[in-house]
Amino acid sequence: MGETVFSKIIRKEIPAQILYEDDEILAFKDIAPQAPIHILIIPKKEIPTVNHITEQDVHLVGKLFLVAQKLAKEFGVDSSGYRLVVNCNSDAGQAVYHLHLHLLAGRKFSWPPG
Ligand code: 5GP
């Protein structure tokens, strides 16, 4: 699998609208937003899919959720609601093989998802 476009965003080789960054995590606006707020939250470590998460990554994966929570508060949608999505492999529609959490908000979402 190897490197993806997200590695280039992490290295600032291609631009992105970055909303949060620390040593381990980066969050930026999705290039093709599916909701008024659509943010991708990624570990800087290259983990291709949920299937590749190990015990070693437990803290890192937990941090993805804490960053999502922080951004939801900042965007004022923590009370109104938001959806977090992680696609894994082709049936789920994963297009970029670098683990990421989609934070979607600003409209109503249906259930079950399409
Ligand atoms: P997936 O389908 O893998 O869960 O989602 C990948 C997401 O990455 C898509 O929502 C897509 O719009 C977004 N994306 C793909 N390439 C880029 C890019 O170069 N920049 C940004 N900001 N988002 C991207």
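Reader: Why is Lys 44 called partly exposed, rather than buried or exposed?

Author: In this predicted model, Lys 44 has a relative accessible area of 23%. Buried means under 20% and exposed means over 50%, so Lys 44 falls in between and counts as partly exposed.

Reader: What makes the pair Lys 44 and Glu 21 a salt bridge?

Author: Their side chains meet at 2.7 Å, N to O. The cut-off is 4 Å between a side-chain nitrogen of Lys or Arg and a carboxyl oxygen of Asp or Glu, so the pair qualifies as a salt bridge.

Reader: What makes Glu 74 and Lys 70 a salt bridge, and where do they lie?

Author: The side chains of Glu 74 and Lys 70 meet at 3.1 Å, N to O. That is within 4 Å, so the pair counts as a salt bridge. Both residues lie in helix H2, 4 residues apart, about one turn of the helix. Glu 74 is partly exposed at 49%, and Lys 70 is partly exposed at 37%.

Reader: Why is His 100 called buried?

Author: His 100 has a relative accessible area of 7%. Buried means under 20%, so His 100 is buried. His 100 is placed in the loop between helix H3 (89–92) and strand E5 (101–105).

Reader: What makes the pair His 100 and His 102 a polar contact?

Author: Their side chains are 3.4 Å apart. A polar contact needs a pair of N or O atoms within 3.5 Å, one able to donate a hydrogen and the other to accept it, so the pair is listed as a polar contact. The side chain of His 100 also reaches the backbone oxygen of His 98 at 2.6 Å.

Reader: Which residues is His 100 in contact with, leaving aside its neighbours within four places in sequence?

Author: Among them are Phe 6, Leu 40, Val 85 and Gln 94.

Notes. Residues are numbered from 1 along each chain as its sequence is written. This is a predicted model: local features need pLDDT of at least 70, side-chain atom pairs count only at pLDDT 80 or more; totals for chains, interfaces and linings use all residues. Side-chain values use heavy atoms; hydrogens and water are left out. Buried means under 20% relative accessible area, exposed over 50%, partly exposed in between (1.4 Å probe, protein chains only). Helices (H or I, at least four residues) and strands (E, at least two) are DSSP runs, numbered from the N terminus. Contact means heavy atoms within 4.5 Å.
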